Amino acid sequence: MVMSGEKPRSGTVADEGTPRGPNAPMSLRERKKQLTYQAVSDAAIAMFLERGFDKVSVAEVAAAADISKPTLFRYFPSKEDLALHRFADHEDESARVVAARAAGESPLDALRRHFLEGLERRDPVTGLCDVPEVLAFHRLLYGTPSLVARLYAYQGRSEAALARALGDAAADRLAAGQIIAVLRILALDNWRRISAGQSADEVYADAVEAAELGFVQLRSGLGPGRR
């Protein structure tokens, strides 16, 4: 596993008949669907890492997961989604952080706290993770143009979710774009240094300093109520 807390994307087969609400019980049918979903994704990621994204066909992934190609496309609308679904649970992460912040805590303070906590626990989403499997996945991702292009769609949805959490006015949408851009750049800079051979522990102090700088710049540029 490269990222924790994965969940099926909205609109996949795993959502059919799913009870709504965070504490809703999961049916046996839903559990079986999620197991299939995970088996397909595990098979795909393993094959992509071993042979390269462009050298593995969807039919091969379906065969490895022991399902038909049409069934695979019910779970994953495109080949790129087989790799990038691991970002799906993080699309609305910033929005969830803002929505769940403590009374009296500003949205930006909540996001800063959350990112710094992620750095401390070496969360792959922050780029500060030197686990070999995570590095291999990131090299696959950033080394495949079609995956990089698709990743921007995920980031666009992150912006939209955060904007809604902030209020969804024009100023909120502008703020969300700036925040998501800063988080993306911070994570990418961390990953580049680790990919070049540094350990997460070696990069940590600089990553914290860069994060603090990023949030200072955000604070000076965002309007009242979002800082």
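The protein chain holds 10 helices and 0 strands, where helices (H or I, at least four residues) and strands (E, at least two) are DSSP runs numbered from the N terminus. This is a predicted model, in which local features need pLDDT of at least 70 and side-chain atom pairs count only at pLDDT 80 or more, while totals for chains, interfaces and linings use all residues. Residues are numbered from 1 along each chain as its sequence is written, and side-chain values use heavy atoms, with hydrogens and water left out.

**Whole chain**
- Of the 227 residues in the protein chain, 45% are buried, meaning under 20% relative accessible area (1.4 Å probe, protein chains only).
- Among contacts (heavy atoms within 4.5 Å) between residues at least 6 apart in sequence, 69% join residues at least 24 apart.

**Helix 10**
- The buried residues of helix 10 include Ala200, Val203, Ala207 and Ala211, and their cover includes helix 6 (107-120) and helix 9 (170-195).
- An α-helix has 3.6 residues a turn, so residues three or four places apart point the same way.

Conventions. Buried means under 20% relative accessible area, exposed over 50%, partly exposed in between (1.4 Å probe, protein chains only).
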